[in-house]
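Try each task before reading its solution.

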Amino acid sequence: MKHLTCLFILLCLSACETVQPWERGTLARREMQWEPDRMEISLQAQINASKEASSGGQGAAGGGCGCN
Amino acid sequence: MEKNPALLALTSSALLLPAYQGVRADAPPEFVELGMRYSKYEEDDTKGSKTFGGNSQRFDIDAAQFHLLAPVADNWAVAVDVQWEDMSGASPWFVGQSIDGDPKVIMSGASIEDTRTEVSVTTRYYYDRGNAGLNYVHSDEDDYESNAIALDGSFNSADGMTTYSAAISTSRDDIDPTQGAVPTNTLHDNKDISSAWVGVSQIISKNAIVRFGLAYTYRDGFLTDPYKLRDRRPDERKEWAVSGGYRQYFMWPDGALHADYRYFDDDWGVASHTVNLAWHQNLGRSTQVIPFLRYYSQGEADFFANIADTEKRYYADDYRLSSFGAITAGLRVRYEIGNWAISAVGERYETDESWGVFSGDESPALLNYWRYSFGLDYVFR
């Protein structure tokens, strides 16, 4: 797993082309955001965390809830 | 050489675009933004063949979310998020063995009613090459209270191609189980959660970006489920999560692919794979249709057993600690009209032990659910 992750990172970095600031219009579009709808993502994450044994991965964990 | 005003305006506005992408945009919001969501969450009944006592109702939850984001000075913004939940239903109490040897669930019986209110306040400072935020969250329900504080920051490389991010958080949670429905494992207890995360995102072309993250979470205190009859868990848990994400825009058919993966591992023996895929299709300038798919598979905790052995030091028959696979499929639609945006989401979540990549006994308490959300956003332009 670790080897695959490292290989993927290297492949991505080696494939990078320099993108000038004025060429980043597409990357700034709504559909290219990591989380275009934060309320939707936070609700999904809360439901999944309360029904499964794993959680987190996209930031620090924060607090819990008594969700059953 | 005389500067071309049109080119100057274009390059100036391009420079104001976020140098994408860290945890959040690098530029403070220009306008006040308001959003609200109403969600209905409905778990399927547990089938009579899986329980003692026929079909059993499980949880229904109504949730309302409000979001406010406001610029407060040149380089500062404040976000306030409030969430209310009203839940009712029953949850698995313990798993017993039927005459023919099959494990079957005994539900908590009387309907459990609870409400939860969560308030989150974030202040964020934006500097030339990134931003930093301080967040406080208070969550309160009848039997649980949590206070958490988090600090995060991101920093762009000189060429803006790479963004380094980090976050830390700590929380103090108090557990006061409601007495009456079932005997509880404690009358009052607490737990602490500490977490750290580092991430890096990299622009790889004009149309593609990738990110990686590593998270560590340490839980300490009363980690047992207070309402389950046969449940006794270690008072410590160490969790690791490695994640990766990819976004790619396609000129034709004017849409973007979202692909995310997470590997999770902890010292309870739980491991999991999560894959998220979504396609963001633009239809004209104002409509987006987003089908999405999630696959999840987890391996069971070392101390999980359908028929828990209460002679052991730790034991649990909680389906959430069993081996299973889950598939979520759904559709989001968003329509923008002027300063308003209307959105709707529908998703179906189904579980099955045979869908997982980890082996283990199938819990009779695995659940399926539907979720619908409706939303409204407004920007004060």
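The exercises below refer to this predicted model.

**Exercise 1. Describe the contact between chain A and chain B.**

Step 1: Start with the count on each side. On chain B, 83 residues are in contact with 43 residues of chain A.

Step 2: Look for the element behind the largest share of the chain B side. Strand β10 of chain B, residues 189-205, supplies 8 residues.

Step 3: Sort the chain B side by residue type. There are 41 nonpolar, 29 polar and 13 charged residues.

Step 4: Turn to the partner. Chain A has 2 helices and 0 strands, and buried residues make up 41% of its 68 residues.

**Exercise 2. Is Phe31(B) buried or exposed?**

Step 1: Phe31(B) sits in the loop between α1 (5-16) and β1 (33-43) of chain B.

Step 2: Count its neighbours. Phe31(B) counts as exposed because it has 12 C-beta neighbours inside 10 Å, and the cut-off for exposed is 12 or fewer.

Step 3: Check what it touches. Setting aside residues up to four places away in sequence, Phe31(B) touches Val379(B), Phe380(B) and Arg381(B).

Step 4: Compare sequence with space. Phe31(B) and Leu69(B) are 38 residues apart in sequence, while their C-alpha atoms are 8.3 Å apart.

**Exercise 3. Find how β20(B) pairs with β1(B) and with strand β19 of chain B.**

Step 1: Take β1(B). This strand and β20 (residues 369-379) pair in the antiparallel sense over 11 bridges. Glu43(B) stands opposite Tyr369(B) in β20(B).

Step 2: Take β19 (residues 340-352) of chain B. The pairing of β19 with β20(B) is antiparallel too, over 10 bridges. Here Gly346(B) stands opposite Tyr372(B).

**Exercise 4. Which residues have the most contacts inside the largest nonpolar core?**

Step 1: Identify the core. It has 24 residues, and those with the most contacts inside it are Tyr41(B), Ala365(B) and Leu366(B).

Step 2: List the elements giving two or more residues to this core. They are α2 (38-51) of chain A, and β2 (60-73), β4 (92-97), β5 (103-107) and β18 (324-337) of chain B. The largest share, 3 residues, comes from α2(A).

Step 3: Note the second core. This separate set of 12 residues includes Ala60(A), Ala61(A), Ala150(B) and Ile193(B).

Step 4: Return to Ala365(B). Leaving aside neighbours within four places in sequence, its contacts are Thr46(B), Pro92(B), Val95(B), Val105(B) and Tyr319(B).

Terms used
Residues numbered from 1 in each chain as written. Chains lettered and ligands numbered in written order. Predicted model: local features only at pLDDT ≥ 70, side-chain atom pairs only at ≥ 80, totals over all residues. Contact = placed C-beta atoms within 7 Å. Helix = DSSP H or I, 4+ residues; strand = E, 2+ residues; numbered from the N terminus. Nonpolar A, V, L, I, M, F, W, Y, C, P; charged D, E, K, R; others polar. Buried ≥ 20, exposed ≤ 12 C-beta atoms within 10 Å, placed from the backbone. Pairing = 2+ DSSP bridges. Core = buried A, V, L, I, M, F, W, Y, C linked by C-beta atoms within 7 Å.
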